[in-house]
Amino acid sequence: MVTLTKALPRLGLGMAALGRPGYINLERGAIFDDRDASTSSTDDVHRSVESMQEKANEAMAALILESKANNMLPWYDCARSYGLSEKFVGEFLRGNKVQTDEVVVSSKWGYTYVADWKVELESGAPHEVKDHSIENFLKQVEETKENIGEFLNLYQVHSATFESGILTDSRVHEALAACKRENGWKIGLSVSGPAQGDTLREAMKITSSDGDRLFDSVQCTYNILEQRPGSVLLEAHNAGMDIIIKEGMANGRILKNEKMLEFAAKSGFAADQLALACILAQPFQPRVLSGAVTPEQLSSNAEAIKLSERLKIDDVDLLNDIMKECLMESEQYWKDRSALAWN
């Protein structure tokens with residue numbers, strides 16, 4: 001069990017866009033500067049394993065600096081399906097001699113990365129395959145231990161749904177409870193889709209053999225566009241669960257949202273800072289994952305920590321206006337997300 005030197009950090013670095021060459025965030029090609037203007041294909045040189053690990057190392061190093069500036073521990077969030085994210089994080093931490101009590105690391109099991117380090121696949125071919133069986137858990141937990149085991153604080157079910165069977169599989173529940181006891185890790189789940197609130201409510205009912213709630217945390221999609229889970233997240237927080245927010249920038253869509261850009265221009269704050277600050281200011285006291293892929297993006301995102309306190313105290317009207325004016329229907333939000341292309 002890892003005993004941390006400080007409280008859990010409010011902002012961390014999600015490795016979904018750094019641990020593999022492709023992801024659904026908008027305009028990755030422009031960020032990585034790897035697209036030939038005359039073609040639609042990516043340049044393999046800029047997305048090689050070595051190149052992606054170098055980019056990941058730069059972002060992880062930047063997080064250490066930002067964390068020191070904000071008096072918090074650096075936090076990295078991986079998944080078995082985020083390509084080589086666990087390998088990148090483990091090698092970075094060991095290579096920089098980071099002590100286990102000086103970092104927070106979380107990861108997820110349940111999806112397997114199958115894209116073979118490619119960005120563009122044949123039509124309909126998946127980049128990752130879900131399997132919430134006991135057999136896959138036992139396989140993937142050992143892989144995670146090998147990559148980042150000594151640093152890990154939290155292990156999460158990746159994208160729990162009613163359909164995947166994870167909510168009713170007592171064998172998996174028992175294995176997760178045993179993992180918690182034997183390793184000293186917290187156990188969580190991530191949720192996605194229009195029904196993510198219903199999934200969370202059902203998961204909160206699951207207990208281990210000792211009667212305690214099985215899941216210690218939830219990682220949920222919530223942002224200024226998708227606000228439906230807000231009430232259940234408050235319920236979970238009040239029940240003692242750790243609330244983690246993913247996709248706070250809606251995979252880059254918020255940076256193209258006209259209403260948000262107007263609020264940013266009028267307020268004088270950057271759109272990314274406002275968007276993340278609006279999440280951090282919520283009453284369910286979330287911790288937020290940044291999807292940054294460059295030190296510059298991460299530095300800007302980190303400004304949201306201080307800005308969130310201002311929104312809660314001095315600029316409550318601005319907070320309320322943004323949340324009201326930028327809200328989308330949940331079904332439309334997820335329909336739009338499902339149309340995003342891997343790039």
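Reply: Buried stands here for a relative accessible area under 20%, exposed for one over 50%, and partly exposed for values in between, with a 1.4 Å probe and protein chains only. The model is predicted, so local features need pLDDT of at least 70 and side-chain atom pairs count only at pLDDT 80 or more, while totals for chains, interfaces and linings use all residues. Residues are numbered from 1 along each chain as its sequence is written, and side-chain values use heavy atoms, with hydrogens and water left out.

Tyr-23 is buried, at a relative accessible area of 11%. Rings of Phe, Tyr and Trp (its six-membered ring) pair if their centres lie within 6.5 Å; planes under 30 degrees apart are stacked, those over 60 edge-to-face, and the rest tilted. The count is eight aromatic pairs. Helices (H or I, at least four residues) and strands (E, at least two) are DSSP runs, numbered from the N terminus. Trp-342 is partly exposed, with a relative accessible area of 25%.

Tyr-113 and Trp-117 also form an edge-to-face pair, with ring centres 6.5 Å apart and planes at 80°. Tyr-113 counts as buried at 18% relative accessibility. Elsewhere, ring pairs join Trp-109, Phe-137, Tyr-155 and Trp-185 into a cluster.

Charged groups also sit over rings, a term that requires NZ of Lys or CZ of Arg within 6 Å of the ring centre and within 35 degrees of the ring normal. Arg-253 lies over the face of Tyr-333, 4.2 Å from the ring centre. The charged end of Arg-287 is placed over Trp-75, at 4.2 Å from the centre of that ring.

Arg-287 leads on to the strands, where pairing requires at least two DSSP bridges between two strands. Arg-287, in β10, is the bridge partner of Ile-244. Strand β9 (residues 242-246) pairs with strand β10 (residues 287-290) in the parallel sense, over two bridges. Both strands belong to a barrel that eight strands close in the order β1-β2-β3-β6-β7-β8-β9-β10, with parallel pairing.
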